[in-house]
Structures are given as structure tokens and as C-alpha cells.
Amino acid sequence: MSTNRQEVSGATVRADMGAQYVSVEESDSATMQVAERLLSSGVCAEVSPELLTATPERPVRAKHLAGTAGGVNDALKTLLEEADATVHYEKRVASLDLQSGSWRARPFEGAPGMFDAVLIAVPGCGVGGDNLLKIHGSWEGMLKQDQNKQLMAAQHDQRWSFAFFLPSDCQAVCERYFGPKVVEKLVDDEVVHLLCYQSRKTEIVSLESSASSPVVVAHSTTEWAKRHAQRGGKDERLLREMAAHVQKLIGLEGPLSQLTSTSKVITWKQCQVQRPVTSEAVPFMAVTSAPPLLLAGDYFTSSSFSGCVRSGFAAAEALSALLKDVTPKATDAPEVSEGTGRKGKGKGGKGKRDQGKGKHKHDTWENDGGWQDGGWHHGGWKGKGGKGGKGGKGKREGYPYS
């Protein structure tokens with residue numbers, strides 16, 4: 001899930017750049033309970049399936065919820081608030097090492113922290129900017145050979161997402177293209193997979209008239225994304241190519257700049273799970289039990305809200321059982337911590353990698369960041385990295401994910 005926010009003509013408008021809806025499978029009682037909580041809180045409202053397109057990715061027998069304030073990421077914020085969890089933003093983990101019977105987690109920026117148990121819920125192995133392959137440390141050597149093989153075998157497709165915040169005089173053209181009711185159209189030509197009328201969706205679920213600026217979100221086809229796999233989201237040529245295609249589809253007249261002047265691009269390098277980890281008897285993976293380290297995510301189930309919840313719930317229940325009779329012993333990291341890296345596993349960015357030694361001045365894992373529209377982090381991390389599996393200083397761009 002990722003929602004982008006823009007100020008247009010004095011009004012705040014938002015666009016869902018990843019999952020358009022919280023799709024909850026009706027046969028899954030646990031996720032249906034979550035859906036009911038979101039509906040009763042008023043943060044989400046149900047959208048009739050008659051207004052939606054039957055895309056291959058969307059569950060058939062499901063409730064489809066949208067954020068009443070204009071973005072589906074409000075659902076995540078609400079669940080975190082109800083859980084009464086202490087959340088530390090802007091603390092993406094760079095390494096995880098076993099130290100004195102506890103886990104030492106070091107973020108890309110800031111001081112490390114010590115924890116009695118860790119549950120990693122990030123995208124699995126692949127080419128995405130932020131995934132399991134980016135977390136190094138001694139935990140890598142604790143994976144069994146068959147576990148490593150299973151993780152590396154998971155496959156995802158890739159897509160690009162473009163949000164266009166249009167001038168108010170484009171409203172009539174958008175209404176004519178989408179018709180009087182529907183909120184999206186399946187295109188599936190050589191460039192666009194799905195066109196979403198975000199501003200109408202917001203109007204339907206909020207029961208209020210839409211903002212003066214119509215918002216359209218275009219999801220590329222997987223084939224188009226593959227052709228441009230080596231490109232980045234800041235490539236102006238590709239933005240203009242997509243904008244010109246959308247302009248022609250909708251029937252907008254006038255300069256192309258009316259689409260590109262206020263826009264947002266996200267490159268989903270790891271999008272829908274095509275082949276999940278299926279060798280596990282449960283929808284998560286237990287790396288160690290003492291101290292506990294578990295992996296969870298849609299790559300154990302399916303790329304849907306229900307798939308994520310199934311994996312997360314199962315992992316949380318297992319973690320709770322492992323911690324039932326355990327006395328907490330993790331303390332803050334020492335004033336200055338040194339840790340030697342270990343050689344990693346697999347391929348595609350892990351390989352053999354010597355993390356080297358690094359000193360980290362101690363501070364606390366304070367809640368020093370805020371929720372950012374557009375994902376957990378709006379921008380890129382800069383830190384120690386490397387090319388070809390070899391350590392060294394480098395820079396990498398973070399990709400939002402759902």
C-alpha cells in the first residue's frame with residue numbers, strides 16, 4: 001500500500017499508487033474481522049464490485065474497502081493505533097546480528113537496538129529496492145540450505161504506477177471516458193494495464209463532492225515494466241511516454257504538461273507474487289527459536305490484504321508462543337558498538353559480502369519520524385552498501401512497497 005499526497009489549487013488530494021483497495025476474502029474469517037473493524041471505525045468504506053473491473057489480481061469473492069479520506073494507507077495507520085504499538089519510523093534495518101543471546105538490529109541511519117525477538121515483515125528476495133536481500137548480518141548464516149533455496153525461488157512481477165493530478169477543466173473529459181459510475185477501466189494494451197479514477201473513488205466512499213482536481217492513476221503492464229527494468233522513476237522520457245498514452249486514451253486535448261506538471265511515479269520492482277514460498281507447512285518461516293527470528297509476508301501466501309494478514313497472524317501467534325515463558329533480557333546497545341560482518345547467502349545482491357566494522361554512536365530508537373504518505377519512507381536511504389556483493393560505500397534508492 002502506498003498513498004501519495006499533493007497540494008493542487010489550494011486543496012490536498014491523494015492517490016493510491018499501489019493497492020487500490022483493501023481486498024478481503026469473504027472466506028477468511030480472521031481478515032473479515034479486520035475489515036469489520038476498519039468499516040466500523042469509519043476509516044474505510046466498502047466499494048461495490050459492480051463499480052470495479054475484474055482484474056486477474058483481484059479476489060473474486062471479496063469485500064473491497066477504500067479509505068474515506070482518500071487513501072488506503074489510512075487502514076494501516078488505524079490498525080497500528082489500535083494495536084497500541086510503539087512504532088519507530090525511518091529505521092529501516094541494514095543488519096541483524098546475534099549478540100549475547102539477543103538480536104542487535106542496526107538501521108541504515110541512527111543507533112542500533114537490542115531485541116529479544118524479531119519478526120521481519122518486508123518483501124522477500126528479489127530485485128526490489130527494499131527487501132530481505134538488503135538486510136545483512138549473522139542471521140544469514142543461520143538459514144538452513146533448504147530455507148535459503150525456498151526464499152530465493154519466490155518470484156514477483158513488476159509494474160510502474162503513475163498518478164496524474166489534472167487541472168479542473170479536465171473533469172468533463174474524465175467523466176466522459178469513465179462513464180457515470182465506474183471508478184476504473186481495464187485497458188491491457190502494450191503500455192497500460194489499468195486506469196483508475198481516484199477522485200471519483202474518493203467521492204464515492206467519502207460521500208462528499210470531489211476536489212476540484214481530477215486524479216487518474218495508471219498502472220503499467222508487466223511487459224512495459226520489463227522493457228524499462230533498468231530505468232528509474234525519475235526518467236522524464238518515460239513519464240512523458242506514459243502521459244502521452246494516457247492523454248490519448250482519455251481523450252484529453254492540450255499540452256502534455258497538464259498531465260506531467262503535477263505527477264508521481266513509483267517503480268514497483270517487486271509487485272504481485274507470482275510464485276510464493278510453498279515448501280513451508282505454515283505461512284511464515286522460523287529461522288531460529290531462541291532467540292526467535294521469524295519471516296512473514298505475502299511471498300508466503302498471495303499478494304492481497306488477506307494474504308498478508310494470514311501470514312502476519314500466523315507468525316505473531318507462533319512468536320507469542322515462543323516468548324510465553326521467556327524472561328526479557330535485551331538492553332540498549334552499548335555506547336559504542338562494533339560488529340564484524342559475515343558472508344551472506346544466495347545471489348542477486350547477497351553473494352559473498354564482507355560488511356566490515358562500523359562504529360555507531362549510541363542514542364535511542366526514538367519515534368523521530370512520522371508516517372509519510374507515499375509509503376513508509378518518501379525518498380531513498382543512503383548508507384553503506386556495495387556492488388556485486390562486495391562491501392563498500394554506496395548509495396541506493398528506496399522503493400515504497402505494499
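1. C174 is buried, at 0% relative accessibility, where buried means under 20% relative accessible area, exposed over 50% and partly exposed in between, with a 1.4 Å probe and protein chains only. C174 is in no disulfide (a pair of cysteine sulfur atoms within 2.5 Å), and the nearest cysteine sulfur, that of C170, lies 6.2 Å away. C170 is likewise buried, with a relative accessible area of 3%, and the structure as a whole holds 0 disulfides.

2. This is a predicted model, in which local features need pLDDT of at least 70 and side-chain atom pairs count only at pLDDT 80 or more, while totals for chains, interfaces and linings use all residues. Residues are numbered from 1 along each chain as its sequence is written, and side-chain values use heavy atoms, with hydrogens and water left out.

3. The mean pLDDT (the predictor's confidence in each residue, from 0 to 100) is 80 for the protein, and 81% of the residues score at least 70. Over residues 333-402 the pLDDT is below 50, although this stretch has 177 contacts (heavy atoms within 4.5 Å) in the model beyond near neighbours in sequence.

4. Helix α1 (residues 29-41) packs against helix α2 (residues 73-83) at an angle of about 100°, with the axes 11 Å apart; helices here are DSSP runs of H or I, at least four residues long, numbered from the N terminus, and axes are lines fitted to C-alpha atoms over the stretch in contact, with angles running from 0 to 180 degrees between N-to-C directions. The two helices α1 and α2 are therefore roughly perpendicular, a term that covers 65 to 115 degrees. In this packing, V34, R37, L38 and S41 of α1 meet A75, T78, L79 and E82 of α2.

Notes
Parallel < 35°, antiparallel > 145°, perpendicular 65-115°, else oblique.
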